[in-house]
Amino acid sequence: MFAFIAKRARNAVLLLFLASVLCFALVVSAPGNVAILIAELRTPTATKADIAKVEEELGLNKPLLERYGFWLNGAIHGDFGISYKTGEAVGASLKSRLAATATLVAGGAVVAFLLSLFVGFVGALWAHRAPDVVTRGSALLGASTPSFFVGALLVYAFSVTWHVFPTFGFAGPVSWVLPWLTLGFLPAAVLSRVVRVGFEEAMAKPYVVTAMSKGLSRTSILVRDAIPNIAPTYLNALGTQIGTMVVGAVVVEPLFAWQGIGDLFLTGVRFRDFMVVQACLLVFITFFIILNVVVDICITLTDPRLRLQRS
């Protein structure tokens, strides 16, 4: 098991290196001259001398390999350069916004986890009856509804109509509820189908017939026998959905006026602030890679067959 974890960690480091190359290449290959843009922001009538001065300040006149090495060394130490738009350190901006994005994604993951298990369990408990039909329809509707539309409906219902939750801002647990529900609703719908199908397959296994012959109830069999059997598949799907939540945060954060990394990324794209875009992309990809490693290890721990194979 230790060898497997070491191998996954080694592969993760290699992927991080390749991701850093990709992030740097995407920004460097972007059309337009960044030096001209910054010089014109400083002085509308910028001359060639002003542009050359900006290139010298940012190191844009140096060879690409040297620029990449300088940027990578800084990124490893949390220094992602200076924002072209604000002049502030990008690393400091990421650090100040990390709490909002982490809170949003973690809360959305909890909502998706609990809601999907509940809906899938209810459908499996009353299979092919009215509760199962309702949960199937709800899951289909939820998986087809984009997050921004869900957020708009929640704001209208719980903020505008009933005045229960605030509509925007990162101001404590009360202000977290609507963003959590908005981000977790679609993944919960998708995961509930994974749970429902997994339960249906598990309940068709021979050990279920044996358990029923012993007089165990359907609820006991689902909890004691079915859940452990669907755990690896569910964890794999959950990891995938948590990854998509990071992308969803780019939509949900501006919707609720959260100053997170997703909002920072959109601002960087809007103003062609390449240093910000570069840093945000690297943070997102790093999160995906670490998440995949953690999920892979968790799946191995929950599946005895994989533990035996990888040991």
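How are helix 5 and helix 12 oriented to each other? In this predicted model, local features need pLDDT of at least 70 and side-chain atom pairs count only at pLDDT 80 or more, while totals for chains, interfaces and linings use all residues. Residues are numbered from 1 along each chain as its sequence is written, and side-chain values use heavy atoms, without hydrogens and water.

Two packed helices are described by the angle between their axes and the distance between the axes. Helices here are DSSP runs (H or I, at least four residues), numbered from the N terminus. Axes are lines fitted to C-alpha atoms over the stretch in contact, and angles run from 0 to 180 degrees between N-to-C directions. The axes of helix 5 (residues 90–125) and helix 12 (residues 274–302) cross at roughly 40 degrees and come within 12 Å. The two helices are therefore oblique to each other. Angles under 35 degrees count as roughly parallel, over 145 as roughly antiparallel, 65 to 115 as roughly perpendicular, and the rest as oblique. The crossing is right-handed, meaning that the near helix is turned clockwise from the far one by less than a right angle.

Contact means heavy atoms within 4.5 Å. Helix 5 contributes Val 90, Leu 94 and Val 105 to the contact. Among their partners in helix 12 are Ala 279, Cys 280 and Val 283. The contact residues comprise nine nonpolar, no polar and no charged. Nonpolar covers Ala, Val, Leu, Ile, Met, Phe, Trp, Tyr, Cys and Pro; Asp, Glu, Lys and Arg are charged; the others, Gly among them, are polar.

Leu 94 also stands out in the largest nonpolar core. A nonpolar core is a set of buried Ala, Val, Leu, Ile, Met, Phe, Trp, Tyr and Cys residues joined through side-chain atoms within 4.5 Å. Buried means under 20% relative accessible area, exposed over 50%, and partly exposed in between (1.4 Å probe, protein chains only). Of the 67 residues in this core, Leu 94 and Cys 280 touch the most other members. Helix 10 (residues 218–255) supplies the largest share, 13 residues. Beyond four places in sequence, Leu 94 touches Phe 80, Ile 261, Leu 264, Ala 279, Cys 280 and Val 283.

Ile 261 and Leu 264 lie in helix 11 (residues 261–270), where both are buried. The buried residues of helix 11 pack against helix 5, helix 10 and helix 12. Arg 272 follows helix 11 and has a positive phi, near 55 degrees.
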